[in-house]
Amino acid sequence: MTATPNTPPPPNANPTTGAPAAPDTITLIIDGKSVTVPKGTMLIEACNQNGADVPFFCYHAGLTSPAVCRQCLVDVKGQPKPVPSCYTPVADKMEVFTKSPRALDVRRQMLEFTLVNHPIDCPICDKAGECMLQKHYFDWDAKLARNDGVKVKKDKVVDLGPHIVLDQERCILCTRCIRVCDEVAKNHQLEMAQRGDHEVLTTAPGHRLDNPYSLNTVDVCPVGALTSKDFRFSMRVWELSTTPSVCPGCATGCNVEVHHSRGKVYRLIPRLNMAVNKHWMCDEGRFTYKRVHKDRLAAPLSGGVPVEWDRALADAGRLLRAALDANPAEVGVVMSAQSTNEDLYALAKLTFDHLGLGKAYLSGQDQGWSDDILVSADKNPNTAGAMAIGAGRLRTLLDLANDIKSGALTTLLVVGTHGVLGKDGAPGALPLGKLKTLVVIGTHRDAVAGAAQVALPLTEWAEAEGTFTNRLGMVQRIRAAVPPAGDALPGWDILSNLARNLGATMEFTDAKTVFTEAKSKLPFMKDADWGRRYLPVQLRFAGTRG
Amino acid sequence: MSDLDDHDSNLVPPKRRVVLGFQDVEDMNVPDLPTEPLPLNMGPSHPAMHGTVRMVMEVEGEKISSADIQIGYLHRCFEKESESATWTQIFPYTDRLNYISPMLNNIGYAMAVEKLLGIADTLPERAQYIRVIVGEVSRITDHLTCLGASAMELGAFTVFLYALKAREWIFELLEEICGARLTVSYLRIGGVAADMPEEWGKELLAVLARVREVMVDISKLLDRNRIFRDRMDGIGLITREDALAYGITGPVGRSTGLAYDVRKDHPYLVYDRFDFDVPVGSVGDNFDRYAVRVEEIVQSMRIIEQALAQIPPGRWMHPDPRITLPPKAETYNSIEAMIAHFKLIMDGIHVPPGEIYSYTEAGNGELGFYIVSDGTGRPWKCRVRPPCFPATAVLGKVLPGLFIADVVPTFGMMNMIGGECDR
């Protein structure tokens with residue numbers, strides 16, 4: 001459709017250029033700039049997507065807007081008062097001024113109100129450094145206090161639930177946490193009580209804050225009112241670095257940021273991915289980082305004694321070679337649904353292509369609880385990848401136990417020991433003692449590694465580069481956030497070295513070469529992308545978290 | 001002595017030779033013990049090398065035929081280190097550039113950041129005057145140290161003690177104003193850390209009067225001292241062309257006749273309000289460099305006296321709360337000031353993205369800071385142009401042809417400061 005000088009422009013035409021807009025979009029003017037956005041967009045989104053930088057506390061892209069904080073007020077031509085942009089849908093030909101003197105002034109006054117009763121806690125507050133109140137005050141006000149009245153005293157340490165502590169004085173009453181419980185966890189556990197400057201956040205009658213998504217309230221809290229019992233007082237946030245990765249807790253594969261410092265992981269934070277986890281992740285997933293630093297197998301063991309890598313690999317090779325020479329039909333391999341696609345591909349290549357073994361089993365954590373929000377019953381991050389790479393050749397752990405008991409299997413190579421012995425991890429679940437030879441490539445000092453003749457240390461998910469395939473079949477990249485524990489090596493690397501000791505040729509130089517080869521061979525990975533190289537960003541430089 | 005250079009091809013065989021003594025010019029032209037060029041190391045740790053620098057020279061007897069000046073022994077990663085420090089945290093690093101006149105480094109760095117921030121024109125006047133005063137005081141200590149140390153290396157130990165005595169009086173005054181004699185860190189982005197103490201100006205004037213007396217004593221000891229003059233006059237000649245080609249500024253550049261002084265040619269702070277002269281040399285030898293420094297001390301005192309007479313009352317830090325820390329009492333008692341303090345200390349002052357080259361007249365000449373900001377609280381790049389770097393570089397050209405004994409006064413008069421040259 002072409003606009004000619006004789007025909008009037010269509011009603012939703014761009015006011016400055018006169019060009020017609022698509023029927024489901026709206027054109028408005030923000031700070032003198034003509035902007036076209038989809039119909040139904042909130043004004044604050046239209047502003048911030050176009051660089052206007054409107055501040056906010058209570059608005060959250062993943063939640064409804066109650067417009068309680070009044071921090072996103074902007075001037076709209078024709079309106080008698082500034083309007084809350086988080087609560088105002090865009091309208092045609094709207095003329096918006098985000099930095100008019102009046103808008104700036106009312107926002108400053110709101111900040112002043114918010115700060116009147118805010119405690120002087122920055123030096124001891126966990127949120128300091130990623131606090132939105134600090135950021136907005138310094139960006140938009142930065143004036144000294146005009147008021148030296150006595151601040152209202154409230155409770156400093158309120159135990160809300162198993163994971164969370166509330167400091168009512170720090171709370172700025174934005175109600176984001178209430179909406180997270182209501183809208184994400186679908187569980188009304190938090191409420192506001194009292195009025196005016198005595199208003200406080202509290203649990204709903206008869207409730208504690210114990211829903212499986214409760215730690216999301218800590219993420220959305222713009223100040224340090226809600227803090228995680230696990231993280232509080234453990235680290236100043238600006239000292240942390242962030243590495244993007246994927247949670248290994250279940251088959252959902254929530255995208256996370258691993259926050260770490262000096263080789264130690266301190267917390268996991270959900271990373272926005274609208275196709276998988278949106279803004280959120282479950283509490284259970286947040287604690288998967290703990291296993292990275294607990295009971296790790298740090299050095300290769302041969303006969304229970306720490307030895308050099310060369311010696312351990314030679315011993316493992318000799319044991320396996322002897323068993324293969326004696327009777328290859330009695331040799332089996334256990335693959336893990338906790339391993340990356342790259343480790344699984346290297347193991348499958350060694351097992352099926354080079355050694356021609358017939359006995360392969362799939363291990364993994366036992367099934368657990370699930371819901372229809374995020375949590376999956378399959379507690380392994382890469383079952384889909386393992387099944388696809390195994391291509392029907394993998395049998396179950398029950399088959400493994402039966403084969404060992406019947407004597408059909410005398411030699412076993414286990415790569416990844418999570419869940420091999422079942423949920424309780426009791427050594428009796430699998431009759432490992434009946435095996436003649438047991439070689440383990442594992443992450444932890446558990447009963448499986450303890451029963452092995454040779455145990456080789458494997459990197460945990462936070463130490464490895466690779467990909468997981470989630471329950472939707474999406475191949476997602478994980479990245480090494482911290483250096484490996486002790487002498488641990490990635491699985492593909494150990495298997496390359498082991499292959500050499502077994503007389504097979506399988507040379508992989510880094511995880512990306514494994515990925516590239518796997519991608520060319522495996523149909524489920526054909527659209528996968530390795531992504532660009534990523535150096536950890538220190539949060540103080542990131543500028544994204546307050 | 002120039003006869004030494006005029007080798008008569010009839011008399012001197014192509015072989016190298018050493019000169020054993022020189023009672024008579026004739027003696028020197030007589031070929032005697034045949035020998036080979038000898039490599040000679042001076043430094044990096046040598047009592048007469050005040051600065052860790054290494055000179056690998058090739059000598060023919062006492063005469064230097066080539067000199068290779070090797071720097072870097074005091075490299076401290078100033079520039080890389082600055083990239084992970086906030087804009088304010090860099091001040092202590094700049095103290096350690098030219099550590100004889102740290103205030104001048106503070107000024108050079110602060111002005112570069114202020115220009116990037118766009119507050120260079122709105123600095124409080126009092127802060128600018130204080131900067132001029134402490135800067136010129138530091139220039140005096142810089143020159144006193146250079147003169148005293150060089151004189152001592154030529155045997156005039158008394159001059160060294162006199163010069164350092166005077167320097168000490170000034171250091172005590174600096175201690176009064178900022179708490180440190182040397183590692184001052186007195187400047188801040190947007191002003192200075194604290195006001196001048198009361199009566200400080202009067203104490204300074206009294207000290208300057210005593211420094212004047214010391215300067216008279218030093219002049220009496222050196223100016224007509226035969227030993228001193230013999231080792232300074234005509235030694236270490238630098239031509240104006242070489243000075244320009246190498247980019248030499250400051251007293252060394254001015255000794256060659258180049259009347260370039262950033263304070264005069266590109267006035268900054270309030271230097272355009274003072275009446276002072278820029279001394280220049282006529283020959284470009286070591287004695288000219290000595291004389292220029294002596295005169296610069298006198299001119300610095302003139303500037304200080306005028307500044308103390310003109311200095312207005314008022315604030316000494318920029319009023320912008322996003323640049324200046326709130327008062328401590330406010331910080332501990334109000335959340336607003338606490339947040340401002342937190343953001344300024346932990347995040348740093350947010351300097352708008354851009355790049356700048358800013359230059360000031362430091363003790364050794366044009367001290368330049370090339371700074372790139374990406375909008376965060378830390379510089380993306382912070383490069384220093386050290387004024388003694390070109391002066392040290394030219395030694396490789398100046399030294400050949402001189403005697404080993406000439407190295408000491410020539411190097412001394414370049415005033416190479418390891419902290420500044422190597423960064």
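Partly exposed residues lie between buried, under 20% relative accessible area, and exposed, over 50% (1.4 Å probe, protein chains only). A:Glu239 falls into the partly exposed class because its relative accessible area is 26%.

This is a predicted model, in which local features need pLDDT of at least 70 and side-chain atom pairs count only at pLDDT 80 or more, while totals for chains, interfaces and linings use all residues. Side-chain values rest on heavy atoms, without hydrogens and water.

**Interface of chains A and B**

- Chain B contributes 20 residues and chain A 26 residues to the contact (heavy atoms within 4.5 Å).
- About 2,100 Å² is buried between the two chains, 73% of it on carbon and sulfur atoms; buried area is the accessible area (1.4 Å probe) lost by two parts on being put together, summed over both.
- B:Arg322, B:Ile335 and B:Glu336 supply 31% of the area that chain B buries against chain A, more than any other three residues.
- Between the chains there are zero salt bridges, a salt bridge being a side-chain nitrogen of Lys or Arg within 4 Å of a carboxyl oxygen of Asp or Glu.
- Helix H13 (328-333) and helix H14 (335-347) of chain B each give at least two residues to the side that touches chain A; the largest share, 10 residues, comes from H14(B). Helices here are DSSP runs (H or I, at least four residues) and strands likewise (E, at least two), numbered from the N terminus.

**Salt bridges within the chains**

- Over all chains the count is 50 salt bridges.
- A:Asp219 and A:Arg286 pair at 2.8 Å, N to O, joining helix H5 (residues 216-220) to helix H6 (residues 283-286) of chain A across 67 residues. A:Arg286 counts as buried because its relative accessibility is 6%, whereas A:Asp219, at 21%, is partly exposed.
- The closest N and O atoms of A:Arg262 and A:Glu239 are 3.9 Å apart. A:Arg262 is exposed, with a relative accessible area of 71%.
- B:Glu305 of helix H12 (residues 286-310) and B:Arg212 of helix H7 (residues 200-222) are 93 residues apart, and their salt bridge has a closest N to O distance of 3.1 Å.

**Helix H4 of chain B**

- The 16 residues of H4(B) (residues 102-117) should span 22 Å at 1.5 Å a residue, and the end C-alpha atoms, 23 Å apart, agree with this. The expected span is 1.5 Å times one less than the number of residues.
- Of the 16 residues of H4(B), 15 are buried.
- B:Gly118, which follows H4(B), has a positive phi near 75°.

How values were computed. Residues are numbered from 1 along each chain as its sequence is written. Chains are lettered from A and ligands numbered from 1 in the order in which they are written.
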